[in-house]
Structure formats: C-alpha cells, structure tokens
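Have the sequence and the 3D view ready.

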Amino acid sequence: MCGPSPLSNAKVIRTKRHRLPNPSPSRSRLPTSPPPPPPPPTLGEPYAAGKAPPAKELAGMAEEGTQQLPFVRETVLKKRKVNEDWAVKNRERKAAKRQRRRDDGKGAIKRPEDFVREYRNKELDFVKMRTRLKVRKLPPAESLSSKLIFAIRIPGTTDLHPHMRKILGRLRLSQILTGVFLKATDANIKRLLVVEPFVTYGFPNLKNVKDLIYKKGRGFLDKEPFPLTSNDLIEKALGEHGIICLEDLVHAIATVGPHFKEASRFLMPFKLKCPERRLQMKKKPYKDGGDSGDRGDKINEVIEKLN
C-alpha cells in the first residue's frame, strides 16, 4: 500500500501577478490636443467633388476683400450641357421641317378650283378697293392728331392683286409681320386706304418709337444691312443730314423732322414677332371687330405685343 503523496500536505504557494506601475499623474492630466485642421484651399484650388466651402471660410474671405468663385455642382453642369445640345438639335430639326414643307409646296399640283378661287379673290379685292376710294372721304393730313404713322403688314401673299402688290412694294411692306414708319401725307393715306385689308396702322408714341429702333433697328450702308450698334456707321450713312448717333435718329423719326425721308429709308422694315392668339390678323376692319385698317392710338398696344 502506497503512502500519501508528499505533495498532498504541501502548501500551495500562490504568486502575485506583477502589475505595471500607474502612469504619472502629471502625464495623465495633460489634455490631448486634436490634430491640426488641413489648410483651406486657395482661390484657384477647387474643392472636393460634392462639397461646398464652409460658411465661416466664405465670410472670412468676404471680409478680406477676396472674390470667391460660385460653386456649381457637376450634375448641374451636365444638365446644362444636355439642354444646350437638345436646343441646338431641336432648332435644326424645326428648320429642316420648314424647308421640307417649302420644297413640298413648290412641287404641289393645284387643282383648277384653286386657281378659280384665287382669281375671284383678287378681283373681289380690287373691286372693294375702288369702292373704298369712291365712298370714303380721305381726311386732310393737317387734321390728323400726329404726323407719324406706323404701318404693319398682315396676311395675304398668294391672292394679291398686282395693283395692291405694287402699292405694298412702294410702302416697303412686302413681307408679313413687318412694319415701317411713314409720314402722314395725303399720298401715304391714300396708299394705306388702297391696301387697307392687308395692313393695320396708327399713331405710335415716343416710347414705342424708341423701343422699335433700339431692339429691332437695322440700317443700310453700301446696300448691306447692319445692326444699329455703332454710331460711327450711322454717322457715315446719315452724317451729311446732321444725324450722327442713335439718339439723333430717334429724334428725326419721332418728330418727323426735315430729314425724315432719309432716316426712314435708312432703316430697314422692322421684323416683328408672331402675334398671340387673340390677334387673329383678319382682313375685317378693326372698327368692325377685325384687325386691319386704322387703329389710331391703339396701335401702341399691338406694337408692345409684337416688339
């Protein structure tokens, strides 16, 4: 029989684990400083994509007097580029469609009924013109409230009598939606009465005269048109008549001065915008609910719509 193990009555000696000494209180009480912020970008250096500059930095730069470039997102720039490309393609597509319609119209075959209708319309307009000249009494030019008349061409291109086409050519109103300044004389009043179904006219005010010349004014120099953007060209064309700048040209037209004929001939016919729906451009006289004929001072409302 074996006796007890010599290790059974032996005392177990437990050793204490050695702990690391605590850090010194002076080091533990020191505050930990955060890492320094990155330097702000300069004026020409761009910011990261999708991040705008902070408001504090913008305020600081404004105080220093520097100018910060506007921030535009990349998606906005791409959208603008797409819109511009689409607008160019849409404009080209519409121009090609208009040209295709013109080409198709040239080769179209007219029926005999179309020729008969056009001939009857021409003869009817000519008979009505002679009736107007006989029945209506033309007022003398001295009795009119204004010496300046602005005439606008309204529809009627294919079914025009040759005599009316000739009068419209003398008034420089061959194209639709064009306007010219005229002097209120007996000859011009008679011409407007001849082509009354195809024009509307009245007495413009000074504001509309300025707007028309400033916005849509174009002149002739050496038989070539040019926009009224340089007083040197105006002086070269009308300097011998005392008109050397745009203001002189407006004054000569608005006051119907001694050189009105040269100034009005220098100006090309004004190309106006397409009318709104409420302006139907009918041959019916304005006093009877149509759009043609004399409007008096009401012509200013039409000019504001079409300018």
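## A first pair

Which residue forms a salt bridge with Glu-74? The partner is Lys-78, and the closest N and O atoms are 3.8 Å apart. A salt bridge here is a side-chain nitrogen of Lys or Arg within 4 Å of a carboxyl oxygen of Asp or Glu. Because Glu-74 and Lys-78 sit four residues apart in helix H3 (residues 74-106), about one helical turn separates them. Helices (H or I, at least four residues) and strands (E, at least two) are DSSP runs, numbered from the N terminus.

## What you're looking at

This is a predicted model, where local features need pLDDT of at least 70, side-chain atom pairs count only at pLDDT 80 or more, and totals for chains, interfaces and linings use all residues. Residues are numbered from 1 along each chain as its sequence is written, and side-chain values use heavy atoms, with hydrogens and water left out.

pLDDT is the predictor's confidence in each residue, from 0 to 100. The chain's mean is 80, with 75% of residues reaching 70 or more. The chain has eleven helices and seven strands.

Asp-291 pairs with Arg-295 at 3.4 Å. Asp-291 is buried, at 8% relative accessible area, and Arg-295 is buried at 10%. Buried means under 20% relative accessible area, exposed over 50%, partly exposed in between (1.4 Å probe, protein chains only). Lys-78, by contrast, is exposed at 54%.
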